[in-house]
2 protein chains.
Amino acid sequence: MTAVPIVEYWFDFASTYSYLATARIEAAARAAGVVVEWKPFLLGPIFQRQGWNDSPFNLYPAKGKYMWRDLERSCARSSLPFRRPSVFPRNSVRAARVAMVGVDDGWVALFAQAVFHANFAEDRDIASAEVLVALLEGIGLSGREILARAESLELNPRLRQQTERAEMLGIFGVPSFVVAGELFWGNERLDQAIEWARSGASPR
Amino acid sequence: MTAVPIVEYWFDFASTYSYLATARIEAAARAAGVVVEWKPFLLGPIFQRQGWNDSPFNLYPAKGKYMWRDLERSCARSSLPFRRPSVFPRNSVRAARVAMVGVDDGWVALFAQAVFHANFAEDRDIASAEVLVALLEGIGLSGREILARAESLELNPRLRQQTERAEMLGIFGVPSFVVAGELFWGNERLDQAIEWARSGASPR
C-alpha cells in the first residue's frame, strides 16, 4: 500500500522515443496525481546480450527508415521540435551518470528534457562533457561541480546496478514504465501506465 | 486525387497485434468516412530476409513475455476475448490464400475477424483446411468451394506478389497501414493512419 501512486520511468538518453515520453511524462502524471520516479539506465548492455551490437534501427534498415519518419510525424503532432541527429545512437553513459545525480538532487526531469532536446532537436553531442556542462548551466545549476560528482567512482556501480535491475524487471527497450512490477513499453503506453498507477490495478 | 479516402490494411493471420487491429478497423474507418483495402500477405519471408527464422517474440524471450502480457491487457481494454494459443506463430499461408479470394468477393473483413478470433480467442489451428472450412460456413459461405478456389494455382503467384509489394512499401511488421504511400506500423497507429487518409495529409 502506497499513499501516492508511482510510475517508474526507465529510459536511455540515446533513445528516440524516450524524447517523446520525456517531454510529456511529468505533466501527464501530475494531472493524474501520480508521481514519476526517474530511472536512467543503459540499454546497450541489454541489447548486447540479445546479440545486437548496435541499435536495431541501424541493424534493420526498413525498421530504421520507418522509425525516423514516424518520429518526425510524432514530433509534429506533439509540437516538439525535431532535427535528425547526425550521429545515432549517441553514447549516453555520461549523461546517465549526471542524471543519477539529478535523481538524488531532484532536478532530473529538467535535465533530461534538456538532454533530449539537445540530442533530437539541436543535433548536439550529448556524449560531450562540455555540452552536458552547458545544459546544466542552462537550467541554473553548477555544471562543473555536478559533472565531477557524476564522474566519481561511486556512480559507476550504481548505474550498473540500475541497468541490472532493468533487466530483472524484463525491460528490453525504452521508454518503459513500471507500476508495482507491471511493465509497459513504448511512448504509446505512457497513459495506460499512469492509469494503472492511479487506479491501483494489479496484475492478475 | 481519389474521391474516397483509402487506408490499405496489411496483415498476417499469425500476428497477435493484427487481431486487435482487425477487430476494430472497419468500424473506425467507417466512422471517419474512410474505405479499407485489405491486403493479406506473408510476413515470414520478410522476417527471413532479416535473418529471423521464427517470430521475434520467440527469438527474444523478454520481448515475447512482455507481448503476451501486453496483449492480454489490450484485449481486456477492448473487451476482446483472449486465450493464448498453444502454438505460435501458426502457419498462415492457407488462411491468407482464402483471404485473397475474400478480397475478390467482398467478404474478407468478416472472414479475417473469424480467423483471428479462432486463433487468439479459441486456440484453434488456422493452418487446418477443416478449421477454415468451418469458419467460412460460420459466416454463411460455401467453405469447400472457396477452399478449392484458394488452393488453385493462380493464388500462389498473387500472394507472392502481394508479399513482394509489402516489402517494396517498406513494411517490416504487422499490422501496417499505408495511405498514399505513407506507412504506419502497429495497432497504435491505426487512428493516425485513418486521420491521415481523411485529412488528405501528404508526406513532405
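**Charges, fold and one valine**

Modeller: Let's start with charge: chain A has 23 positive and 23 negative charges, and their mean positions are 5 Å apart.

Colleague: What are the ipTM and pTM of the model?

Modeller: This is a predicted model, and it scores ipTM 0.93 and pTM 0.95. For chain A the mean pLDDT is 95, with 97% of the residues at 70 or more.

Colleague: How many helices and strands are there in chain A?

Modeller: Ten helices and four strands. Going from the N terminus, the order is β-α-β-α-α-α-α-α-α-α-α-β-β-α.

Colleague: And what radius of gyration does chain A have?

Modeller: 16 Å, which agrees with a compact globule, because 204 residues packed that way would come out near 17 Å. The C-alpha trace spans about 45 × 40 × 35 Å along its principal axes. In chain A, 51% of the 204 residues count as buried.

Colleague: How much of the accessible surface of chain A belongs to carbon and sulfur atoms?

Modeller: 51%, out of about 9100 Å².

Colleague: Switching to chain B: where does B:Val103 lie?

Modeller: In helix H5, which covers residues 93–105 of chain B.

Colleague: Is B:Val103 buried or partly exposed?

Modeller: Partly exposed: its relative accessible area is 35%, and the cut-off for buried is under 20%.

Colleague: Which residues does B:Val103 touch?

Modeller: Leaving out residues up to four places away in sequence, B:Val103 touches B:Trp38, B:Pro40 and B:Val108. B:Glu37 is 66 residues from B:Val103 in sequence, yet their C-alpha atoms are 8.3 Å apart.

Technical notes
Residues are numbered from 1 along each chain as its sequence is written. Chains are lettered from A and ligands numbered from 1 in the order in which they are written. This is a predicted model: local features need pLDDT of at least 70, side-chain atom pairs count only at pLDDT 80 or more; totals for chains, interfaces and linings use all residues. Side-chain values use heavy atoms; hydrogens and water are left out. pLDDT is the predictor's confidence in each residue, from 0 to 100. Helices (H or I, at least four residues) and strands (E, at least two) are DSSP runs, numbered from the N terminus. Buried means under 20% relative accessible area, exposed over 50%, partly exposed in between (1.4 Å probe, protein chains only). Contact means heavy atoms within 4.5 Å. The radius of gyration is taken over C-alpha atoms; the globule rule is 2.2 Å times the number of residues to the power 0.38. Accessible areas come from the Shrake-Rupley method with a 1.4 Å probe; for residues, only the protein chains shown count as cover. Lys and Arg count as positive and Asp and Glu as negative; His and the chain ends are not counted. The place of a charge is taken as NZ of Lys, CZ of Arg, CG of Asp or CD of Glu.
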